[in-house]
Amino acid sequence: MTMTTKVFTLAFAALVLAGAAQAQTANRCAPRDQVIAQLADRYGETRQSIGLGSNNRVIEIFASTDTGTWTILATLPTGLSCLLASGQAYQKRAEARSAQGTRI
């Protein structure tokens with residue numbers, strides 16, 4: 001795992017643990033269908049990855065390879081989606097592993 005990947009992974013984990021509660025208090029939450037529509041309409045973002053976080057929160061990364069914008073969402077079991085983080089300079093990466101399990 002490269003240093004950049006490690007840093008991103010650690011930052012992402014911290015956001016997952018603390019971000020949803022902070023996002024809710026900052027009124028950065030809305031029904032999922034509305035959030036997804038805004039991301040598509042305003043930024044051209046589509047879902048790039050998905051995973052299950054703590055307390056059954058669905059964690060998704062949306063991004064646009066055209067504009068370079070990205071957004072990380074946490075969707076609660078109630079259907080409410082909360083913005084955890086967003087930014088620019090998104091790059092899609094697919095890193096291969098060597099036979100020993102280290103990245104090439």
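The protein exposes about 6900 Å², of which carbon and sulfur atoms supply 55%; accessible areas come from the Shrake-Rupley method with a 1.4 Å probe, and for residues only the protein chains shown count as cover. The model is predicted: local features need pLDDT of at least 70, side-chain atom pairs count only at pLDDT 80 or more, and totals for chains, interfaces and linings use all residues. Residues are numbered from 1 along each chain as its sequence is written, and side-chain values use heavy atoms, with hydrogens and water left out. Of the 104 residues of the protein, 28% count as buried (under 20% relative accessible area, with exposed over 50% and partly exposed in between; 1.4 Å probe, protein chains only).

The secondary structure comprises 2 helices and 5 strands, arranged along the sequence in the pattern α-β-α-β-β-β-β. Helices (H or I, at least four residues) and strands (E, at least two) are DSSP runs, numbered from the N terminus. Among contacts (heavy atoms within 4.5 Å) with a separation of 6 or more, 38% involve residues 24 or more positions apart.

Strand 3 (residues 58-63) is mostly covered, 5 of its 6 residues being buried. Strand 3 pairs with strand 2 (residues 46-52) in the antiparallel sense over 6 bridges, pairing being assigned if DSSP finds at least two bridges between two strands. In this pairing, I59 of strand 3 stands opposite G51. The two strands form a hairpin with 5 residues between them, and N55 in the turn has a positive phi of about 55°. Strand 3 also pairs with strand 4 (residues 70-75), in the antiparallel sense and over 6 bridges; here A63 stands opposite W70 in strand 4. The hairpin of strand 3 and strand 4 has 6 residues between the strands, with G68 in the turn at a positive phi of about 85°.

The disulfide count comes to 1, a disulfide being a pair of cysteine sulfur atoms within 2.5 Å. The bond joins C29 and C82, whose sulfur atoms are 2.1 Å apart. Because the torsion about the S-S bond is about 110°, the disulfide is right-handed. C29 lies in strand 1 (residues 29-31) and C82 in strand 5 (residues 80-87), so the pair ties together parts that are 53 residues apart in sequence. C29 is partly exposed, at 22% relative accessibility, whereas C82 is buried, at 0%.

Q34 lies in helix 2 (residues 32-43) and is partly exposed, at 47% relative accessibility.
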